[in-house]
Amino acid sequence: MAEDGYRLWLRYDSLPKQTVERYRPHVASLVVQGRSPTLAAIREELVAGLSGLLGTKVAVAADLDRDGAIIVGTPRSSPLIARLRLDHLLRALGPEGYIIRSVRLDGRRAIAIASDGEVGALYGAFHLLRLMQTVQPLDDLDIVERPRLRLRILNHWDNLDGSIERGYAGRSLWNWSELPARVDQRLRDYARACASVGINGSVLNNVNADARILSAEYLRKVAAIADAFRPYGVRVYLSIRFSAPMELGGLPTADPLDPTVAAWWRQKADEIYSLIPDFGGFLVKADSEGQPGPRTYRRTHADGANMLAAALAPHGGVVMWRAFVYDPKPGYDRAAAAYDSLKPFDGKFAPNVLLQVKNGPIDFQPREPFHPLFGAMPKTQLMPELQITQEYLGFSNHLVFLAMMWREFLDSDTYAEGPGSTVAKVIDGSLYGQRLTGMAGVANTGSDRNWTGHHFAQANWYAFGRLAWDPNLAPRRIAEEWVRMTFTRDPATAERIVRMMLESYEALVDYMTPLGLHHIMWPGHHYGPAPWWDKAERPDWNSVYYHRADARGLGFDRTATGSDAVSCYNPPIRDLFANIATCPEKFLLWFHHVPWDYRLLSGRTLWDELALRYQRGVDWVRAARKEWDALADRIDAERHAEVARKLAIQERDAVWWRDAVLLYFQTFAKRPLPPGVERPA
Ligand code: GCW
């Protein structure tokens with residue numbers, strides 16, 4: 001089999017002989033009673049997985065006829081599962097939760113995978129396969145799982161012409177011209193991959209939405225995709241264009257308080273649900289970067305969101321209203337813009353609305369402090385939006401394991417209700433009892449054979465799913481699982497790759513935007529450095545707006561002497577950020593304009609430290625290349641070579657970043673590069 005990466009982490013290549021011997025008594029047959037598309041998917045996955053891993057075809061039985069069966073299902077689908085009397089517990093875990101337990105039935109040993117819902121049973125099946133793929137013991141299993149967040153959703157920024165905004169792995173997976181007549185097999189594999197990590201929703205189209213997605217013609221295509229995803233528990237959602245009633249419906253207005261507009265949306269919702277009974281809902285980018293919205297009619301975000309929510313509510317759909325709004329006005333700081341526009345609406349959104357907020361207040365930078373809205377809207381259902389695709393992080397050319405960034409974000413303490421009010425607790429409902437919870441990730445998938453362009457970018461798709469399932473998971477654990485499933489089961493080799501992944505995030509921050517720098521990428525495409533950029537149509541699309549370098553120093557003063565955006569945070573974190581002496585150095589230039597000779601914790605001046613960080617980033621990439629080269633005989637040749645070629649690009653880019661940024665800032669700092677920092681060639 002060509003190792004082209006198509007199988008992602010769902011590679012079921014045979015285990016070493018000893019392991020097979022150990023597993024065989026536990027996996028003698030498979031009993032999935034009942035009939036439904038999801039039960040069929042469970043059977044298919046387990047037959048492929050178990051047969052592949054054990055190297056012999058697993059027996060499929062109708063009943064418990066021997067020792068060592070795997071029985072899977074719900075109390076309703078499977079009389080065997082019903083006999084375990086787990087109903088009470090299963091109901092408490094919900095239709096997506098599951099139990100995997102070693103049991104005895106009629107004196108026979110078995111492993112039961114039980115859930116109150118068929119999709120939960122499917123998740124349990126993937127969990128069992130993961131145990132085997134990562135060579136865990138199967139004796140005395142007693143696993144109880146349930147997702148901590150309800151909506152675990154990929155956002156595809158896919159356009160109807162097949163291009164993908166910020167997509168670096170080929171074209172869209174949705175072939176609109178073939179649909180609905182032909183549904184690519186790949187869509188099923190996409191849904192399998194999503195289900196294997198618990199992702200249960202997919203927004204198919206770009207938030208910069210084309211109104212035509214809601215036309216009758218496209219809805220039929222969308223319905224065909226929904227049919228393909230349904231067995232795997234992946235619901236379909238759509239991004240809508242707020243002005244669609246005008247563009248599609250021919251109405252003279254899209255005013256959310258106009259009854260004809262509301263009626264148009266209600267009818268549209270009815271039409272959608274008649275085709276897709278389990279349709280998830282709408283994602284909305286309104287009044288942002290030129291997109292239409294309620295503001296045109298002097299209406300508010302709440303007016304807009306609630307009107308759409310009312311259309312979806314009778315069908316159980318939700319509205320994910322994006323908080324990515326930032327309109328320049330005099331004295332404005334983009335880092336406070338969304339906070340200023342949305343905080344006043346806390347408590348004003350309908351029960352089926354979630355406010356979808358990016359992790360940081362600017363825009364998916366390599367490192368940002370958490371978005372202050374997470375500590376400011378106790379009466380609003382907040383849902384973070386993470387970016388899996390690496391718009392500002394080297395596209396699909398750089399190896400960077402994003403779970404590290406997401407962990408930092410989720411662990412951030414908002415202090416909204418005193419210490420320990422972490423973002424994770426805000427969004428999982430434990431702090432405010434938020435009922436509808438969720439997490440969105442802007443997808444990095446495309447038509448490339450390996451789905452994500454870089455083999456290691458698959459790990460970010462995987463990590464997003466795992467963290468949406470459980471926002472408390474440790475990046476190390478996620479990386480270990482993924483590496484063992486995807487690259488190697490050899491513990492020593494796996495450990496070396498895991499270490500690379502865990503270090504990669506800080507290294508990328510070092511060579512791109514250390515010490516709190518941000519948004520100094522090339523304008524438009526956002527690849528590579530352009531700290532000098534000052535020609536954009538809006539000031540806040542210029543690099544110079546963000547770094548504010550001058551003869552005195554570097555960084556954006558967001559304290560009271562500057563924009564005061566720091567006051568969006570709660571005390572004491574606000575005061576910690578606001579004080580240059582206590583501000584974590586990773587956010588120093590985010591909150592402060594710092595003199596070039598200011599001493600950092602290392603005892604070095606800002607200028608020297610900055611230069612050394614860039615060098616450290618470059619050094620890491622060089623070391624990573626060596627480390628990867630040393631693994632050549634442990635990884636299949638094809639994937640090894642492909643990753644090696646990407647690492648070479650990463651080194652080129654790290655050097656480019658270091659040289660461009662340092663040479664540019666040196667024109668202000670007028671200081672020599674410290675020893676240990678290479679002179680640009
Ligand atoms: O990150 C920025 C991107 C835009 C994107 C926008 C958004 C979809 O540069 O391409 O548009 O954010 O999140 O709406």
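1. Helix H21 covers residues 637–669 and has 33 residues. From its first C-alpha to its last, H21 reaches 47 Å, close to the 48 Å expected at 1.5 Å a residue. That expected span is 1.5 Å times one less than the number of residues in the helix. Lys670 follows H21, and its phi is positive, near 50 degrees.

2. Ground rules. This is a predicted model, in which local features need pLDDT of at least 70 and side-chain atom pairs count only at pLDDT 80 or more, while totals for chains, interfaces and linings use all residues. Residues are numbered from 1 along each chain as its sequence is written, and side-chain values use heavy atoms, with hydrogens and water left out.

3. Overall make-up. The protein chain holds 21 helices and 16 strands. Its radius of gyration is 26 Å, close to the 26 Å that the globule rule gives for 681 residues, so the chain is as compact as a globular protein of that length. Helices (H or I, at least four residues) and strands (E, at least two) are DSSP runs, numbered from the N terminus. The radius is taken over C-alpha atoms, and the globule rule is 2.2 Å times the number of residues to the power 0.38. Along the principal axes, the C-alpha atoms fill a box of roughly 80 × 65 × 50 Å.

4. Burial and contacts. Of the 681 residues in the protein chain, 63% are buried. Buried means under 20% relative accessible area, exposed means over 50%, and partly exposed lies in between (1.4 Å probe, protein chains only). Take the contacts between residues at least 6 apart in sequence: 73% of them join residues at least 24 apart. A contact means heavy atoms within 4.5 Å.

5. Surface and charge. The protein chain exposes about 24,200 Å², and carbon and sulfur atoms supply 52% of this area. Areas come from the Shrake-Rupley method with a 1.4 Å probe; for residues, only the protein chains shown count as cover. The chain has 82 positive and 80 negative charges, and their mean positions are 2 Å apart. Lys and Arg count as positive, Asp and Glu as negative; His and the chain ends are not counted. Each charge is placed at NZ of Lys, CZ of Arg, CG of Asp or CD of Glu.

6. Helix H7 (residues 216–229) has 14 residues. H7 reaches 20 Å from first C-alpha to last, close to the 20 Å expected at 1.5 Å a residue. Of its 14 residues, 10 are buried, so H7 is largely enclosed by the rest of the structure. Among the buried ones are Tyr218, Leu219, Val222, Ile225 and Phe229. Lys221 is also buried. Their cover includes helix H6 (185–196), strand S8 (201–203), S9 and helix H9 (259–275).

7. Ser243. This residue sits in the loop between strand S9 (235–240) and helix H8 (244–247). Ser243 counts as buried, at 7% relative accessibility. Ser243 and Ala211 are 32 residues apart in sequence, yet 7.6 Å apart in space, C-alpha to C-alpha. Leaving out residues up to four places away in sequence, Ser243 touches Ala254 and Pro292.

8. Ser78. Look for this serine in the loop between strand S3 (69–73) and helix H3 (79–82). Ser78 is buried, with a relative accessible area of 1%. Not counting residues up to four places away in sequence, Ser78 touches Gln33, Val72 and Gly73.

9. Ser504. This serine lies in helix H16 (residues 491–512). Ser504 is buried, with a relative accessible area of 1%. Phe401 is 103 residues from Ser504 in sequence and 6.2 Å from it in space, C-alpha to C-alpha. Ser504 touches Leu399, Val400, Phe401 and Trp620, with residues up to four places away in sequence not counted.

10. Cis peptide bonds. The bond from Leu179 to Pro180 is cis, with omega near -5 degrees. Pro180 is in the loop between strand S7 (151–155) and H6. The bond from Pro571 to Pro572 is cis, with omega near 5 degrees. Pro572 is in the loop between strand S15 (553–554) and helix H18 (573–578).

11. Positive phi. Arg85 has phi near 55 degrees, a positive value in a residue other than glycine. Arg85 is in the loop between H3 and helix H4 (87–93), and it is exposed, with a relative accessible area of 73%. Val135 has a positive phi near 60 degrees. Val135 lies in the loop between helix H5 (118–133) and strand S6 (142–145), and it is partly exposed, at 26% relative accessible area.
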